[in-house]
Every structure is written in structure tokens, then in C-alpha cells.
Amino acid sequence: SVLEPDTITFNSTISACEKSVRWQKALNLLAAMGQKFQEPNTITYNSAISACGKGAEWEKALALLAGMGQNVLEPNTITCSSAISACEKGAKWETALDLLTTMGQRVLEPNTITYNSAIST
């Protein structure tokens, strides 16, 4: 019998792509999840958004954040912090501050990483 990757396998692999700044591969794996009938979760998106941020692909990170709603997933503090960090790398301070405001509207508590990323922009 052939072993099929599950959500945990995809999450681990996308996280490895994030750590090695291979954002394109991370996005390819996220897309492949649908082909394998695996549902991405918040952890999946956190890793993919962070991978895009590390690759200075802030627009792609924000597109992923917006796409979470299509999958009926709620972003958490880590998700928003990763998106804010991506904006920081793209020198998009206004967008970073908008995301920080949105966190308050979603009743998400910013943490030290969130604030550091927002301040760095």
C-alpha cells in the first residue's frame, strides 16, 4: 500500500520550506493539498504566510491571509504576526498598521512579535 501525505505531512513540509525561504515551493505544496483532498488548516496558512514573508513576497502573504476566509479558517495571532512581518519586509507600514487594527477587531491579542514587526516597518 502507498502512503499518502496528510495535513500534518504537508504542514511539516511547508514549514521546512518557510525555514529555507522557499516560498514558491510552499505555495505549490499548499495548492497540492487540494489535489490530494487534504484540507489546509491555520497552521498550514501560518507557515505559508511566513514563507512568503521571508521571501519578501508581502502581496502573496496578504493574499493567503485573505484566502483563509474562503476555507472558513480564522486567522490567529501567529497568522497576523506573520502577515505583519511580511509587510515589514516589504516596507508597507500602513498595511502593517491596518492589520494590527484588524487584530483588535477580531479580538486577537497582539504579542511581542506582532508589535516588533509593526514597529520595524
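Which residues of H1 are buried? They are Thr7, Phe10, Asn11, Ile14, Ser15, Cys17 and Glu18. Buried means under 20% relative accessible area, exposed over 50%, and partly exposed in between (1.4 Å probe, protein chains only).

## Basis

This is a predicted model: local features need pLDDT of at least 70, side-chain atom pairs count only at pLDDT 80 or more, and totals for chains, interfaces and linings use all residues. Residues are numbered from 1 along each chain as its sequence is written, and side-chain values use heavy atoms, without hydrogens and water.

## Helix H1

H1 spans residues 7-19, 13 residues in total. Helices are DSSP runs (H or I, at least four residues), numbered from the N terminus. From first C-alpha to last, H1 reaches 18 Å, close to the 18 Å expected at 1.5 Å a residue. That expected span is 1.5 Å times one less than the number of residues.

Helix H2 (23-35) and helix H3 (42-54) are included in what covers the buried residues, with contact meaning heavy atoms within 4.5 Å.

After H1 comes valine 21, with a positive phi near 55°.

## Cysteines

The whole structure holds zero disulfides (cysteine sulfur pairs within 2.5 Å). For cysteine 17, the nearest cysteine sulfur is that of cysteine 52, 11 Å away. Cysteine 17 is buried, at 7% relative accessible area.

Cysteine 87 is buried too, at 0%. Its sulfur lies 11 Å from the closest cysteine sulfur, in cysteine 80, too far for a bond.

Technical notes:
Helix = DSSP H or I, 4+ residues; strand = E, 2+ residues; numbered from the N terminus.
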